[in-house]
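Try each one yourself before you read its solution.

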Amino acid sequence: MTQPSTPVVTVLTAPGEPEPPGMDALRSRAEVRFACDEQTLRDTLPGTDVMMVTDFRTEALEAAWESADKLQWIHATSAGVDALMFPALIHSDVVVTNARGIFDRTIAEYVLCTILMFAKDFPGSIRLQMKHQWKHRDTERAEGKQVLVVGAGSIGRQIGRLVSAAGLNAHGIARTPRHDDPDFVAVHGNDDLFEQLGHADFVVIAAPLTPQTEGLFDEKAFKAMKPSARLINIGRGPIVKTDDLIAALRDGEIAGAGLDVFEEEPLPENHPLWDMENVTMTAHMAGDFIGWKRALTDQFLENFDHWHASGELFNLVDKELGYAGSK
């Protein structure tokens, strides 16, 4: 892969999104262009060598793909790259990298926090506090409970490490079973998912959105879970069939859900999930820490320097699988 002396980099943001922090450092290395939709991307793609994509929901790149005449590399400033996995890109020579590693620890902290909130019934305590009601209750012990992490990649590993440090037993689900993994009691294969769901007290979705995982958690999956189990989704919303989840929560097939991602985002104000007392929700922010946007730019700049010096890149995405390999 031959790099031009002054590469052209197009930064694709969401409409109305400000310029990512740290762009001055990029301007000293390349000609920088900005796009925010299909039309502006059609204008900026010709001659572009590298793309930095900050809009993880974008459909503009697929629509404007025919304008990419020199593109060599696309970097997504997100862990998930499902919006980029359209056939023309998958079958092209353009390489894709992602932001693996930036959000792993903070997402793991979010998961541990959610587990402890459920175990100690903090949602119930907050509701009582708002009503000025003093009510003593016994709560659960988290220690010794089983956590099933569906998606034992980079983020899943951090979740496994952190919940294990808190005394829970972490099991994983991955394409390939691993029985000597240092971060899990065991990593089971995809075919063992439904059997393992029946053992778990907390089921954490940390898988990428792919054709294989879309709609994976449906009525059948919820019926396989323990009635006392809680679901935590920090992966992608469409992995869970929302209507089936609501039915499972209402019918007592599972005990609760901690949700950071949804099939429809933002979640409509009249959605029934808002009023369910056994549900906690956040606005797709599980991994977002103070300074995360600059951290993403710095990671891209590091990879850009690798690419420009030697053509080598880290965090390469397997375009056929739709995600980067585990560390």
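The exercises below go through a sheet, a helix, some ring pairs and a loop residue.

Before you start: this is a predicted model, where local features need pLDDT of at least 70, side-chain atom pairs count only at pLDDT 80 or more, and totals for chains, interfaces and linings use all residues. Residues are numbered from 1 along each chain as its sequence is written, and side-chain values use heavy atoms, with hydrogens and water left out.

**Exercise 1. Work out the strand order of the open sheet of seven strands, and find its edge strands.**

Step 1: Strands are DSSP runs of E with at least two residues, and helices are runs of H or I with at least four, numbered from the N terminus. Two strands pair if DSSP finds at least two bridges between them.
Step 2: β8 and β12 (279–281) each pair on one side only, which puts them at the edges.
Step 3: Now zoom in on β6 (residues 146–150) and β9 (residues 202–205), joined in parallel over four bridges. Here L148 sits opposite V203.

**Exercise 2. Find what covers the buried residues of helix α5.**

Step 1: Locate α5 at residues 104–119; it has 16 residues.
Step 2: Pick out its buried residues (under 20% relative accessible area; exposed is over 50%, partly exposed in between, with a 1.4 Å probe and protein chains only). Among them are I107, V111, L112 and F118.
Step 3: Look for contacts, meaning heavy atoms within 4.5 Å. The cover includes β6, α7 (154–165), β9, β10 (230–233), β11 (256–259) and β12.

**Exercise 3. Classify the ring pair W73 and W307.**

Step 1: Rings of Phe, Tyr and Trp (its six-membered ring) pair if their centres lie within 6.5 Å; planes under 30 degrees apart are stacked, over 60 edge-to-face, and the rest tilted.
Step 2: The centres of W73 and W307 are 5.8 Å apart and the planes are at 40°, so the pair is tilted.
Step 3: W73 belongs to strand β4 (residues 73–76) and W307 to helix α11 (residues 292–310), 234 residues apart.
Step 4: Both come out at 0% relative accessible area, so W73 is buried and W307 is buried.
Step 5: Ring pairs also bring in F300 and F304, giving a cluster with W73 and W307.

**Exercise 4. Is D183 buried or exposed, and which side chain does it join in a polar contact?**

Step 1: Find D183 in the loop between β7 (169–174) and β8 (186–189).
Step 2: Its relative accessibility is 9%, so D183 counts as buried.
Step 3: A polar contact is a pair of N or O atoms within 3.5 Å; within protein, one must be able to donate a hydrogen and the other to accept it, and residues adjacent in sequence count only if both atoms are side-chain atoms. The D183 side chain makes one of 2.8 Å with the side chain of R161.

Technical notes. Expected span 1.5 Å × (residues − 1).
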